Amino acid sequence: MILMNNKKIPLSEPNITGNELKYVTEAIRSTWISTKGMFVDKFEDKIAKYVHSKYAIACQNGTAGLHIALILAGVKPFDEVIVPTLTFIAPINVVKYVGAEPVFMDCDKYMNMDIEKTIEFIKKECKMTKNGLQNKRSRKIIKTIIPVHIFGSACNMVELMNIARKYNLKIIEDSTESLGTYYTEGKYKNKFTGTTGDIGVFSFNGNKIITAGAGGMVVTDSKRLALEAKYLTTQAKDDSLRYIHNEIGYNYRMTNLQAAFGIAQLEKIEDFIYNKTKNFKLYKKHLNSVKGLKLLDFPDNIRSNSWFYTLLVEKKEFGMDKNTLMYKLNQKGIQSRPLWYLCHWQKPYKKNQSYKIEKAVRFWKIGLNIPCSSYLKKEDVLKVIKTIGRIKEKNNF
Ligand SMILES: *Cc1c(COP(=O)(O)O)cnc(C)c1O
């Protein structure tokens with residue numbers, strides 16, 4: 001996968017150089033290609049071991065996992081769920097799947113959900129009632145918070161778990177972007193993202209740190225929740241001979257083919273993280289010395305999986321805004337992408353409550369994701385860096 005000079009550099013592509021073909025072939029030869037098979041059990045086992053979680057339940061994709069997590073958390077129609085506005089839309093849409101409403105929260109300096117503001121919102125704008133934490137404005141009950149560990153970063157879970165326990169809130173960690181990230185200091189030292197809250201969810205979509213084509217994994221230390229997750233993702237079948245269903249279930253199972261692919265990818269995850277982190281540092285060294293540019297850091301107290309890199313482009317100092325830079329990079333065959341359009345601005349959510357959103361807007365204005373595939377070599381990264389430098393020079397003359 002050597003990128004020649006005239007070759008395009010995409011934003012993020014899967015790295016398929018391990019045992020993928022071997023394991024998928026094994027699955028096909030075994031004729032177990034659908035939603036049962038030893039690779040599914042194995043993949044669950046291996047993910048649970050990797051993140052040190054007691055249970056892992058495979059599912060069709062990360063969105064399905066988040067949907068199930070909300071049901072497990074007991075979120076019902078007309079409840080509310082606190083979510084960040086700066087994220088991919090999936091953790092917001094699932095709130096609607098269960099008939100509840102999102103309340104949008106700002107992000108912090110690392111682009112993760114602002115935990116200080118979340119606590120302020122709970123203390124100032126809500127009150128404890130016999131039904132649970134009530135939003136004083138909407139009078140609805142807040143059952144759950146979904147922090148999202150953005151781009152391989154990690155939220156401040158210590159403070160969040162403290163407030164969650166105090167107000168009886170369930171925490172669902174959207175760890176779909178942060179498999180492999182763990183804390184290196186403090187109360188959660190050596191704990192992986194996805195394992196400090198009540199339920200964690202991972203994704204194996206094509207652009208994630210490892211992929212299974214598509215796929216998701218729900219992790220928890222609660223046996224009760226794990227059994228319930230398995231039950232709900234497999235059509236809530238209570239009797240597999242007579243087909244008795246005592247609840248409404250979902251066909252959210254992962255296939256054996258997906259799992260075979262995922263296992264091969266998991267074998268490589270530490271290599272991917274190593275390369276991505278090395279490339280992140282190379283970008284940082286060069287780009288941070290360009291006037292008007294800064295690569296957003298990951299917090300000091302974590303080992304990040306370095307999944308996605310965010311370049312902050314200050315228009316005045318750099319000489320052009322991030323959209324112009326994106327357009328010019330694209331002309332040179334280098335793909336980049338602006339941050340997600342904020343969720344509280346999206347058409348289905350315009351009427352939902354949002355709380356003091358400031359930093360997210362600022363990041364949205366200046367943030368650009370730049371190429372980060374784990375197979376990028378030093379010369380590829382240097383090519384992106386040089387191209388950005390040339391674009392700036394030309395613009396100034
Ligand atoms: C990718 C992603 C998801 C959804 O995962 P899928 O497997 O694509 O359904 C959810 N949340 C965030 C933040 C994501 O980036």
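This is a predicted model: local features need pLDDT of at least 70, side-chain atom pairs count only at pLDDT 80 or more; totals for chains, interfaces and linings use all residues.
Trainee: Which residues come nearest to the ligand?

Mentor: The shell around the ligand holds 16 residues. Those that come nearest are Gly62, Thr63, Glu177, Ser203 and Lys208.

Trainee: How far does a polar side-chain atom of Ser203 lie from an oxygen atom of the ligand?

Mentor: A polar contact requires N or O atoms within 3.5 Å. Thr176 has a side-chain N or O atom 3.1 Å from a nitrogen atom of the ligand, and a backbone N or O atom of Gly62 lies 2.7 Å from a ligand oxygen atom. For the polar side-chain atom of Ser203, the distance to an oxygen atom of the ligand is 2.7 Å.

Trainee: How much of the area that the ligand exposes when taken alone does the protein bury?

Mentor: Taken alone, the ligand exposes 380 Å². The share of that area buried by the protein is 93%.

Trainee: Which element gives the largest share of the shell around the ligand?

Mentor: Two elements give two or more residues to this shell, helix H3 (62-72) and helix H4 (90-97). The largest share, three residues, comes from H3.

Trainee: Are H3 and H7 parallel or oblique to each other?

Mentor: Two packed helices are described by the angle between their axes and the distance between the axes. H3 packs with helix H7 (residues 223-233) at an angle of about 125 degrees, and their axes are 10 Å apart. Their crossing is right-handed. By their angle, H3 and H7 are therefore oblique.

Notes. Residues are numbered from 1 along each chain as its sequence is written. Side-chain values use heavy atoms; hydrogens and water are left out. A residue is near a molecule or strand if one of its heavy atoms lies within 4 Å of it. A polar contact is a pair of N or O atoms within 3.5 Å; within protein, one must be able to donate a hydrogen and the other to accept it, and residues adjacent in sequence count only if both atoms are side-chain atoms. Accessible areas come from the Shrake-Rupley method with a 1.4 Å probe; for residues, only the protein chains shown count as cover. Helices (H or I, at least four residues) and strands (E, at least two) are DSSP runs, numbered from the N terminus. Axes are lines fitted to C-alpha atoms, for helices over the stretch in contact, and angles run from 0 to 180 degrees between N-to-C directions. Angles under 35 degrees count as roughly parallel, over 145 as roughly antiparallel, 65 to 115 as roughly perpendicular and the rest as oblique. A crossing is left-handed if the near helix is turned anticlockwise from the far one by less than a right angle, and right-handed if clockwise.
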